[in-house]
Amino acid sequence: MNIYIVMILSLLVVFLFIVFFFLKSSSNKQSTLKTSNRRKTEESKAYLNTWQPTDSGTSHKKDREVEVISFIEKERYSPERPITKEDAALIDIIRQNPELPTGIVQLSQILKDPEARIKKIVKIISTYPILSAKILRVVNSPAYSPHKKITSVQHAVVILGFNNLWLLVNQLLATIAVQNFSELSNEEMKRLWRHGAAAATCAKHILLQLDMNTSDISPTVYTCSLLHDVGKFLLRGLGNKDVETTDDSPCKNPSVIGEDNFYGIDHCRLAYLITTYWDLPEILCTTISYHHHPSFSNWEDIPQHARVPTILVSLSDMLANLSGYYDMTPCTLDMHPMAIRYLGLDKNWDINNLLTNELYQDLKETEKLIEAATSV
Ligand SMILES: [Fe+2]
Ligand SMILES: [Fe+2]
């Protein structure tokens, strides 16, 4: 009997020891986590102190036409918030339009396979009869003025090169899906595509500079840079089109902020509604919908798996604006320095260093392509 009592007591002591060690190690983990979070916050503050922010909502001009406006101390609401009654009316409008051709997602995928790119792009083109005719009209247009009439897509590939052909096919397919969103004039349509295509070209230069041009996320960055302002195609049809030009100082209400005031919704939220209706892969929906978040204090609200591509798309947008390929007004939002740092870049990294002759040359080519594509 006594032996049983001793055994039970021993087991009890062992059990109490286990509980004690478990609680101690868990409290150590928590305190390590708290210390690491505190260190992270202190590190962020120290980093921001070494950086010279402009006041929120103010702008600074740096010997160039495009104003850089800082909102890095302001918060931005999530484009993924629950659907409201007003949103339901917009979703109805979106549903009356054609769905996004699946070719857009296939085009993003083929970027991962440099070996078979041309073969695959020709295959995609052949599944959309309207595309072949459009592409041939573009390469035979005065912008390209070939010596001999181009009669095959294969020949058009040689004239345009893979990058331009990829951009053109994407743009033509996306136009099918957005052209009925609103009655945009040809000029407005052209301006929006000019900006989107310029952002895709800028993405190429940024990814090359960061040595990320062959990374897994590069197809997402290219596709989202081209389509990042897709919400504007619908937004411009909602009424007041002078959102960015009514003020004496056009940059006082940059697009996302001004749109809220005039329409009660911004193009990021609309992009969320449109891209989820199109059933695009989740990473594309998130990246496009959050593309202005890296300019606000709560940039870390960007879902973690999409943060790097979203920051890169935001940089591509900014570079397109800085190089003069802005949408309506000569202004651009500054990037939160911690978002830049998230890419592994330090505070001395300057986006202006990317404004090279090569970039301007590439942008001119892109402009020629979009001009031809939206005119034929
Ligand atoms: Fe935008
Ligand atoms: Fe943009």
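In this predicted model, helices H7 and H8 pack at an angle of about 155°. Their axes lie 6 Å apart. Helix H8 covers residues 218-227. An angle over 145° counts as roughly antiparallel, and H7 and H8 are therefore roughly antiparallel to each other. The crossing of H7 past H8 is right-handed. On the H7 side, the contact is made by Gly196, Ala197, Ala199, Ala200, Ala203 and Leu207. H8 contributes Ser218, Val221, Tyr222, Ser225, Leu226 and Leu227. By class, the residues of this contact divide into 9 nonpolar and 3 polar, with no charged residue.

Helix H7 itself runs over residues 186-209. It has 24 residues. From first C-alpha to last, H7 reaches 34 Å, close to the 34 Å expected at 1.5 Å a residue. After H7 comes Asp211, with a positive phi near 60°. Is Asp211 buried or exposed? Asp211 has 8 other C-beta atoms within 10 Å, so it counts as exposed; the cut-off for exposed is 12 or fewer.

Helix H5 (residues 129-139) and helix H6 (residues 153-178) pack at an angle of about 115°. Their axes are 10 Å apart. Angles of 65 to 115 degrees count as roughly perpendicular, and H5 and H6 are therefore roughly perpendicular to each other. The crossing of this pair is right-handed. The contact of H5 with H6 has 12 nonpolar residues, 1 polar and 1 charged.

How far apart are Ile159 and Val139 in sequence and in space? The two are 20 residues apart in sequence and 7.3 Å apart in space, C-alpha to C-alpha. Neighbours within four places in sequence aside, Ile159 is in contact with Val139, Tyr144, Pro146 and Ile150. Ile159 counts as partly exposed, because it has 15 C-beta neighbours inside 10 Å.

The loop between H5 and H6 holds Ser145. Phi of Ser145 is near 20°, a positive value in a residue other than glycine. Ser145 counts as exposed, because 8 C-beta neighbours lie inside 10 Å.

Helix H13 spans residues 307-322. It has 16 residues and reaches 22 Å from its first C-alpha to its last. This span is close to the 22 Å expected at 1.5 Å a residue. How many residues of H13 are buried? The count is 15 of the 16, so H13 is largely enclosed by the rest of the structure. A residue is buried if 20 or more other C-beta atoms lie within 10 Å of its own. Gly324 follows H13 and has a positive phi, near 100°.

Ser297 lies in the loop between helix H12 (282-289) and H13. Which residues does Ser297 contact beyond its neighbours within four places in sequence? They are Ile72, Glu73, Lys74, Glu75 and His336. Ser297 and Glu73 are 224 residues apart along the chain, yet their C-alpha atoms are separated by 5.1 Å. Ser297 has 16 other C-beta atoms within 10 Å and is therefore partly exposed.

The whole chain provides the setting for these details. The protein chain contains 15 helices and 3 strands. It has 376 residues, of which 40% count as buried. Among contacts with a separation of 6 or more, 72% are between residues 24 or more positions apart.

Terms used. Residues numbered from 1 in each chain as written. Chains lettered and ligands numbered in written order. Predicted model: local features only at pLDDT ≥ 70, side-chain atom pairs only at ≥ 80, totals over all residues. Axes fitted to C-alpha atoms, helices over the stretch in contact; angles between N-to-C directions. Helix = DSSP H or I, 4+ residues; strand = E, 2+ residues; numbered from the N terminus. Parallel < 35°, antiparallel > 145°, perpendicular 65-115°, else oblique. Left-handed = near helix turned anticlockwise from the far one by under 90°. Nonpolar A, V, L, I, M, F, W, Y, C, P; charged D, E, K, R; others polar. Expected span 1.5 Å × (residues − 1). Contact = placed C-beta atoms within 7 Å.
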